2 protein chains.
Amino acid sequence: MTPSDVHPAVRDGSRTGTRSDSRLPLVLDAAARFFAEKGFGYTSMRDIAGAAGMLPGSLYYYFASKEELLIAVYAEGVRRIEEAVRPALDKADADPWARLANVCAAHLAALLEDGDYGQVVIRVRPDDAPAVAARLTALRDEYEALFAQAVDSLPLPARTDRRALKLMLLGALNWSQTWYRPGKDSPQALARRFVRLLRDPLGE
Amino acid sequence: MTPSDVHPAVRDGSRTGTRSDSRLPLVLDAAARFFAEKGFGYTSMRDIAGAAGMLPGSLYYYFASKEELLIAVYAEGVRRIEEAVRPALDKADADPWARLANVCAAHLAALLEDGDYGQVVIRVRPDDAPAVAARLTALRDEYEALFAQAVDSLPLPARTDRRALKLMLLGALNWSQTWYRPGKDSPQALARRFVRLLRDPLGE
DNA sequence: CAGTATACCAAACAACTGTTTGTTTTTCTA
DNA sequence: TAGAAAAACAAACAGTTGTTTGGTATACTG
């Protein structure tokens with residue numbers, strides 16, 4: 001399963017040798033939609049091909065396997081989440097707690113509202129596609145390292161377990177995909193509420 | 001999909017008219033193991049039947065469908081989690097924060113260490129089995145109401161959003177299934193750490 | 001010990017899965 | 001405008017899926 005199994009236009013993202021009427025974007029969008037809604041295993045190549053207006057076999061012109069297709073969607077998902085979070089993270093002058101809240105808000109928005117690609121990253125478990133699980137995990141870890149920066153820069157008591165704090169916060173955010181329903185609370189409001197629960201003293 | 005689709009011995013749990021050499025427990029254990037490890041959709045009736053030492057078709061003596069089998073496993077999972085959490089919850093004399101920590105520890109242990117049934121409840125999404133999704137959700141909600149009691153009894157500032165606190169904590173706990181690896185940290189230690197992060201003031 | 005409900009076997013079903021192969025149409029390029 | 005590369009079609013493949021049907025052995029009951 002080397003990178004050469006993947007179509008050139010997908011491998012380097014350069015779109016070299018790509019025709020203007022290519023339905024590749026349609027394929028990726030359709031795959032992202034199904035993966036986000038039904039999960040990887042519950043989506044068939046026929047589902048995707050049908051939604052993109054083509055035949056199942058034609059997908060193999062772009063991707064060597066269903067799992068390679070997942071990688072493309074997943075990578076794009078990570079890219080979009082990073083893109084959403086980065087601006088909040090780069091405001092180095094801001095108050096660290098406000099910065100964290102903004103990072104969380106961007107993270108949440110990417111998972112809950114900003115489309116299907118971001119949702120895939122949280123919804124699909126790496127071991128749903130065993131052959132490429134390691135690569136998916138690597139992509140996710142790459143982003144989590146980014147997120148961790150927002151936690152690391154907090155002015156905390158020395159005793160505080162920053163890793164636990166990161167895991168706790170990230171878990172709370174990611175799990176929201178389970179119960180969140182649009183319209184009631186905005187991702188921003190939720191993020192602020194979560195961060196405040198951590199910041200404000202609740203005990204005694 | 002009425003309850004009458006289910007075998008009597010499963011429907012009411014009474015085991016009335018059940019022969020002593022029944023392999024029903026084996027079936028449930030095998031199903032729980034596969035559902036917990038691979039997920040619902042990635043587990044075939046042949047997987048389960050094989051592990052229980054019987055033929056795929058024989059499962060339909062007990063369950064009208066794969067999804068009915070899931071309900072049985074799922075319900076047992078909820079039952080076991082409740083059973084694990086209840087003792088901690090019933091210690092009404094204890095300090096509310098310590099009580100919450102104990103509830104979280106029991107919850108975590110049920111998800112991470114106490115076997116397969118509990119894991120299924122977190123691992124399997126209700127809409128993985130659309131035909132019975134509502135029943136699965138109801139089971140999960142039933143338990144969450146129990147968990148909420150531990151949060152509701154905390155002595156908190158009036159402004160505190162208890163619902164957000166519950167969602168945050170439950171999310172952090174449930175998501176641990178994604179990253180937890182046995183041996184490093186015990187569920188008890190993790191639960192205490194999470195609760196302390198909420199209780200102790202981190203800001204300023 | 002006879003009879004019956006229980007528990008399972010054996011074999012097949014149609015539908016669906018990811019994937020392959022050879023061919024054809026279409027766009028871009030020289 | 002001829003040729004080459006790109007993009008897709010058309011049809012099938014072997015394997016797997018959940019499920020059904022009819023028969024059979026076994027344990028329990030009276």
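**Exercise 1. Describe the order of secondary-structure elements along chain A, and then the overall dimensions of the chain.**

Step 1. Read along the sequence, chain A of this predicted model runs α-α-α-α-α-α-α-α-α, where helices (H or I, at least four residues) and strands (E, at least two) are DSSP runs numbered from the N terminus. The count is accordingly nine helices and zero strands for chain A.

Step 2. Residues are numbered from 1 along each chain as its sequence is written, while chains are lettered from A and ligands numbered from 1 in the order in which they are written. Since the model is predicted, local features need pLDDT of at least 70 and side-chain atom pairs count only at pLDDT 80 or more, whereas totals for chains, interfaces and linings use all residues.

Step 3. Taken along the principal axes, the C-alpha atoms of chain A fill a box of roughly 65 × 35 × 30 Å. Of the 204 residues in chain A, 36% are buried; a residue is buried if 20 or more other C-beta atoms lie within 10 Å of its own, exposed if 12 or fewer, and partly exposed in between, with C-beta atoms placed from the backbone.

Step 4. Among the contacts in chain A with a separation of 6 or more, 70% join residues 24 or more positions apart, a contact being a pair of residues whose C-beta atoms, placed from the backbone, lie within 7 Å.

**Exercise 2. Work out how chain B is related to chain A, and which parts of chain B touch chain A.**

Step 1. Two copies of a chain are related by a rotation about an axis and a shift along it. Here, chain B can be laid on chain A with an RMSD of 0.1 Å by a turn of 180 degrees and a shift of 0.0 Å along the axis, the superposition being by least squares on the C-alpha atoms of residues with pLDDT of at least 70 in both copies. The two copies are thus related as by a two-fold rotation axis.

Step 2. The contact takes 25 residues from chain B and 25 residues from chain A. On the side of chain B that touches chain A, the elements giving two or more residues are α8 (162–179) and α9 (187–199) of chain B, and α8(B) gives the most, with 10 residues.

Step 3. That side of chain B divides into 15 nonpolar, six polar and four charged residues, where Ala, Val, Leu, Ile, Met, Phe, Trp, Tyr, Cys and Pro count as nonpolar, Asp, Glu, Lys and Arg as charged, and the others, Gly among them, as polar.

Step 4. Because 100% of the interface residues of chain B are also interface residues in chain A, the copies meet through the same surface.

**Exercise 3. Describe how α7(B) and α8(B) cross, and name the residues that make the contact.**

Step 1. The axes of helix α7 (residues 133–152) of chain B and α8(B) come within 10 Å and cross at roughly 115 degrees; axes are lines fitted to C-alpha atoms, for helices over the stretch in contact, and angles run from 0 to 180 degrees between N-to-C directions.

Step 2. The crossing of α7(B) and α8(B) is right-handed.

Step 3. From α7(B) the contact uses E144(B), F147(B), A148(B), V151(B) and D152(B), and from α8(B) it uses R162(B), L165(B), K166(B), L169(B) and L170(B). These residues divide into six nonpolar, no polar and four charged.

Note on methods. Two residues are in contact if their C-beta atoms, placed from the backbone, lie within 7 Å. A crossing is left-handed if the near helix is turned anticlockwise from the far one by less than a right angle, and right-handed if clockwise.
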